[in-house]
Amino acid sequence: MTLEILPMVEADMDAYFDIIWAAFAPGLMALMYPNGFTASAREQSKQSYLREWQRHPERTKMMKVVDHSLPETHPGNKIIGVSKWRFFTRDRSEAELAQEKAEAAAEPAIPDHDGPVCEAFGAAVSKCKDEIVGRKAYALLYIVGVAPEHHRRGVGKMHLNWGLREADRLNIPVYLEASEMGRPLYERMGFESLKTMPFDARDFGYPESLEHTCMLRPVKGKKATSPSELKTAQSLSKSTPSSKPALHQRKPMPSTGHAIEPAIRHCIPNGISA
Ligand SMILES: CC(C)(COP(=O)(O)OP(=O)(O)OC[C@H]1O[C@@H](n2cnc3c(N)ncnc32)[C@H](O)[C@@H]1OP(=O)(O)O)[C@@H](O)C(=O)NCCC(=O)NCCS
């Protein structure tokens, strides 16, 4: 078997950030980190990830796809795709939700990021999550990225299959915010588009909107049938179907505003969004 999906270990963190940067930059990552993903940004992100992982080992899962056919000299331990998930296996109280947000907010700021971009993106992510899943039990696909030279080999699908199987075992729906690049994969895996995330990269001088779509895969991929299932599904997707957000008031071009190609992203690789 050439490709294999396995749990990540701490020693894989550098490979993880290399892949995330390669997969998401240029694009929102470049907008968020206009001077690149500097060594200090990487180190702080890594520490933040490790804290979350160690604090919530049952909830936070990080997976890697390894290509065993790559040479031993491969710089990233033969890792060609990574994903990070959070599994909230039961409904949470207001206090628990507040605690989760406080934990995320207590993380030190990542150096060298663009504050307004990250804040606006993080706020949009939080708003959608609060509206769509709120305190309900659900699985979050926080991020999935595949090294560009290994796209369309089924690696993204392997990550999705792993997470969906886990969510099915736990009997919970799966939620994510899809980049335009990720959306075809998610549609194919049974996710439904609920709404467009209220974030428009043009507000920050970017030439394209970098639209993200909030998507939900119902429990076991099934539409609700019984009245109780219907009630749960309604509370999980009380938002209206996908629609364009109202354009925000335009902000001036950032002074660093170098050209960034349209791309992707569904979450920030550093825990800015709770
Ligand atoms: C999105 C991403 C994870 C997909 O990974 P991948 O390993 O290339 O995807 P797979 O090979 O598993 O694709 C499975 C199916 O998804 C669909 N798909 C995947 N990428 C697609 C694309 N760029 N355009 C259209 N359909 C696509 C296809 O149906 C594909 O099956 P096929 O190749 O037999 O036609 C990868 O393109 C990536 O890392 N992109 C940059 C980061 C990103 O946007 N991540 C998603 C954040 S929401």
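1. Let's start with helix H5, where Val117, Cys118, Phe121, Ala124, Val125, Cys128 and Ile132 are buried. Buried here means that 20 or more other C-beta atoms lie within 10 Å of the residue's own; exposed means 12 or fewer, partly exposed is in between, and the C-beta atoms are placed from the backbone. Seen down the axis of H5, the buried residues fall within an arc of 135°, so they line one face of the helix. The arc is taken from the directions that run from the helix axis to the C-beta atoms. Turned away from that buried side is a face with the exposed residues Gly115, Pro116 and Glu119.

2. A quick word on what you are looking at. This is a predicted model, in which local features need pLDDT of at least 70 and side-chain atom pairs count only at pLDDT 80 or more, while totals for chains, interfaces and linings use all residues. Residues are numbered from 1 along each chain as its sequence is written.

3. Just after H5, Gly134 takes a positive phi of about 50°.4. Now the whole chain. Its secondary structure comes to eight helices and seven strands; these are DSSP runs numbered from the N terminus, with helices (H or I) of at least four residues and strands (E) of at least two. Buried residues make up 38% of the 274 residues in the chain.

4. Which residues of H6 are buried? They are Val155, Gly156, His159, Leu160, Gly163 and Ala167. These cover an arc of only 140° around the axis, which puts them on the same side of H6.

5. The buried residues pack against several elements, including strand S4 (138–146), strand S5 (174–178) and helix H7 (183–188). Just after H6, Asn171 takes a positive phi of about 65°.

6. Strand S5 is mostly covered, with five of its five residues buried. Val174, Leu176 and Ala178 point one way, while Tyr175 and Glu177 point the other way. As a rule, side chains in a regular strand alternate between the two faces of the sheet.

7. What does S5 pair with? S4 and S5 pair in the parallel sense over two bridges, where pairing takes at least two DSSP bridges between the strands. Leu140 has Tyr175 in S5 as its bridge partner. On S5's pairing with strand S7 (residues 213–217), the sense is antiparallel, over five bridges, and Glu177 stands opposite Cys214 in S7.

8. Put together, S4, H6 and S5 make a right-handed β-α-β unit. Right-handed means that, with the strands pointing away from the viewer, the path from the first strand over the helix to the second runs clockwise.

9. Finally, have a look at Val174 in strand S5. Val174 is buried, with 27 other C-beta atoms within 10 Å. Leaving aside neighbours within four places in sequence, Val174 is in contact (C-beta atoms, placed from the backbone, within 7 Å) with residues including Tyr138, Gly163, Ala167 and Arg217. Val174 and Gly163 are eleven residues apart in sequence and 8.5 Å apart in space, C-alpha to C-alpha.

How values were computed. Contact = placed C-beta atoms within 7 Å.
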